[in-house]
Amino acid sequence: MRFDVVTIFPDFFRGAFEHGIIRRAQAAGLLEVRAHDLRGWAAGKHRQVDDRPFGGGDGMVLKPEPIFAAVESLTGAGEREAYPLGTRVVLLSPQGRVLTQALAGELAQAAAHVVLICGRYEGVDERVAERLVTDEISIGDYVLSGGEPAAVVLVDAVTRLIPGALGSETSAVNESFAQEGGLLDYPHYTRPPEFRGMRVPEELLTGHHAEIARWRAERALEKTERNRPDLLK
Ligand code: ADE
């Protein structure tokens, strides 16, 4: 799987993909991630990537020409109907559909090449969404100053679902949102059994698998009721 990130802040990604599972997946040849400077595709002496909005208003809007040139050079096509099979062009913006575990799983399964366009909060010329973008994605209902942190989030969430990227093939199924019933994960403990007066729950020390499973199911339900009652509806 290949990710090409198109951004006006390529240095933001320095080190971002050099840790943990993302680094390992690249070393294993399962993944390739590159950050590209949008200015490299901008024309003119000043390599201008943004301009004032038609109709007035605050802030600057990312111009269409450099983004079209970037997508054309990275995919070989200048319109979504002509992309090679398995190619997705994602615009990260607060106007997108919200990233979920299901969407991350779909991308991990169906996409071979993902171009991530990092918008600025003021906006991106709409002709980019109209002609180039296959998926407009938001990472949540809050406004970032740009799509860069969202690109890191998306690469991480998708990469750990690429077959073989996690140590064990099963470790991605048994967690929050992917569990049967869609509950949050249960609490975890490790040694020592007592720390600053806090004891590990006795149920986990018994070795009785059925009792441990029941304890975990109850705590998962409890945590979901407290932190995410919307998941129980
Ligand atoms: N850019 C600004 N806010 C964003 C968000 N919530 N998700 C994705 N990209 C963004």
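Author: Helices and strands are named here from DSSP runs, a helix having at least four residues and a strand at least two, and they are numbered from the N terminus. The model is a predicted one.

The term buried stands for a relative accessible area under 20%. In a regular strand, side chains alternate between the two faces of the sheet. In β6, His 113, Val 115 and Ile 117 lie on one side, while Val 114, Leu 116 and Cys 118 lie on the other, and both faces are covered.

Two strands pair with β6. Strand β1, residues 2-7, runs parallel to β6 and is joined to it by five bridges. Within this pairing, Asp 4 stands opposite Val 115. Strand β5, residues 87-98, is also parallel to β6, and six bridges connect these two. Here Val 89 is the residue that stands opposite Val 115. Between β5 and β6 the chain passes through helix α3, residues 101-110, in a β-α-β crossover that is right-handed.

Strand β5 leads on to another feature, the largest pocket. The volume of this pocket is about 300 Å³. It is lined by 22 residues, and those closest to its centre are Leu 92, Ser 93, Pro 94, Gln 95 and Arg 120. Strands β5 and β7 (135-138) each supply at least two residues of the lining, and β5 gives the most, with five residues. By class, 11 of the lining residues are nonpolar, eight are polar and three are charged.

A buried residue may also be examined in a helix. Ile 22 belongs to helix α1, residues 20-27, and its relative accessible area is 5%, so it counts as buried. Setting aside neighbours within four places in sequence, Ile 22 is in contact with Phe 17, Leu 31, Val 155, Asp 156 and Thr 159. The C-alpha atom of Ile 22 is separated by 9.1 Å from that of Glu 32, which is 10 residues away along the chain.

Most residues other than glycine have a negative phi, and most peptide bonds are trans. Arg 47, however, has a positive phi, near 45°. This residue is placed in the loop between β2 (32-37) and β3 (50-51), and it is partly exposed, with a relative accessible area of 39%. Arg 196 likewise has a positive phi, near 50°. Its place is the loop between β8 and β9 (198-199), and a relative accessible area of 76% makes Arg 196 exposed. Finally, the peptide bond joining Arg 191 and Pro 192 is cis, with omega about 5°. Pro 192 lies in the loop between α5 (148-159) and β8 (194-195).

Definitions and conventions: Residues are numbered from 1 along each chain as its sequence is written. This is a predicted model: local features need pLDDT of at least 70, side-chain atom pairs count only at pLDDT 80 or more; totals for chains, interfaces and linings use all residues. Side-chain values use heavy atoms; hydrogens and water are left out. Buried means under 20% relative accessible area, exposed over 50%, partly exposed in between (1.4 Å probe, protein chains only). Two strands pair if DSSP finds at least two bridges between them. A crossover is right-handed if, with the strands pointing away from the viewer, the path from the first strand over the helix to the second runs clockwise. On a 1 Å grid over the protein atoms alone, a cavity is a set of points where a 1.4 Å probe fits but cannot get out, and a pocket is an open set with protein on both sides within 12 Å along at least five of seven lines; lining residues have an atom within 4 Å of a point. Grid points are joined across faces, edges and corners, and a volume is the space filled by probe spheres set on the points. Ala, Val, Leu, Ile, Met, Phe, Trp, Tyr, Cys and Pro count as nonpolar, Asp, Glu, Lys and Arg as charged, and the others, Gly among them, as polar. Contact means heavy atoms within 4.5 Å.
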